[in-house]
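Me: I have a fold open on my screen and would like to learn how to read the space inside it. Can you walk me through it?

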Amino acid sequence: MIDAPGWFTEVYPKHGSAFSLKVKAKLHEEQTPFQKIEIFDTEWFGKLMIIDGCTMVSDRDNFLYHEMMTHPVLYTHPNPQRVWVIGGGDCGSLKEVLRHPEVKEAVQIEIDERVTRLAEEYFPGLCTSNHDPRAQLLFIDGIQWVKEAAAGSVDVIIVDSTDPVGPAEGLFNAAFYRECFRCLGPDGILVQQSESPLFHAELIEAMHQTMRSSGFADTRSFFFPQCIYPSGWWSGTMASKSAISGFREAAAEARPFETAYYSVDIHQSAFATPEFLRKRLSAI
Ligand code: AG3
């Protein structure tokens, strides 16, 4: 079954499960210095980008992930003017960030330029803000970038990476979080994609612990559906330099752009923590 012709399948061996999409054609395949990238045209999910065998983006459902990796954090920070997206080479997060008029500069720091070039070709809808005068696209290592950047030089850091293996592994440890902490201004917030609450609860717990021990005063996870990712249920985790006490609800309500998923209700409900995770996180 798993190798059924005409289907793309990502297998999760550890969790005895898999996810498949019916494909019409493979449009592209290349090995970059960092990873293998494949692009498919699918039956119902539109274009699909795969990196090292893992689903990254589909036309159909990427709005869930990109809206949730950007709007909750930007409406939690009191005044987000300077934003970095680490990873995020498909430019979907960058596009959502630039919908906020209060953002004055957004820097995307992607290690693999090919991800962006292929997104421009196959996912033009994600790249519509790449030429926004506030945007800067860099193709360098995000770990190096945070090491060299000036203290207090950013308000929000969004880590939009692949799973914590391969090129993204170094984005999930204390050394990286400490540099992010140093780069962030006084109310600065880091938000990072944090995998599946069902499959990776121990990773989410470890992230909270490591973020706190790296200096962050407050950490919160939020949850959203993402059917092309393992278990179909995904999360992001925020680490804030100051205590998080709610969000800019009136501004979120009056947002001057359209969303397909994010709303004030979604923002509030996304932070409700499932009991099995609350038990793990309550001691941190
Ligand atoms: N970033 C998260 C991808 C993780 C998916 N994991 C998997 N399929 N095993 C996606 C990049 C979107 N900008």
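**Reading the cavity lining**

Reply: The residues lining the largest cavity split into 18 nonpolar, 10 polar and 6 charged. Here Ala, Val, Leu, Ile, Met, Phe, Trp, Tyr, Cys and Pro count as nonpolar, Asp, Glu, Lys and Arg as charged, and the others, Gly among them, as polar. Keep in mind that this is a predicted model, where local features need pLDDT of at least 70, side-chain atom pairs count only at pLDDT 80 or more, and totals for chains, interfaces and linings use all residues. Numbering runs from 1 along each chain as its sequence is written, and side-chain values use heavy atoms, with hydrogens and water left out.

Me: What counts as a cavity, and how many of 30 Å³ or more does the search find?

Reply: On a 1 Å grid over the protein atoms alone, a cavity is a set of points where a 1.4 Å probe fits but cannot get out, and lining residues have an atom within 4 Å of a point. The whole structure gives 1 cavity of 30 Å³ or more. The largest cavity holds about 430 Å³, a volume being the space filled by probe spheres set on the points, which are joined across faces, edges and corners.

Me: Which residues are closest to its centre?

Reply: Of 34 lining residues, those are Gly87, Gly88, Asp160, Ser161 and Thr162.

Me: Which element gives the largest share of the lining?

Reply: Strands are DSSP runs (E, at least two residues), numbered from the N terminus. S5 gives the largest share, 4 residues.

Me: And which domains take part?

Reply: Domain bounds come from an automatic or database assignment. Domain 1 (2–58) and domain 2 (62–281) each supply at least three lining residues.

Conventions: 1 Å grid on protein atoms, 1.4 Å probe; cavity = no way out; pocket = protein on both sides within 12 Å on 5 of 7 lines; lining within 4 Å.
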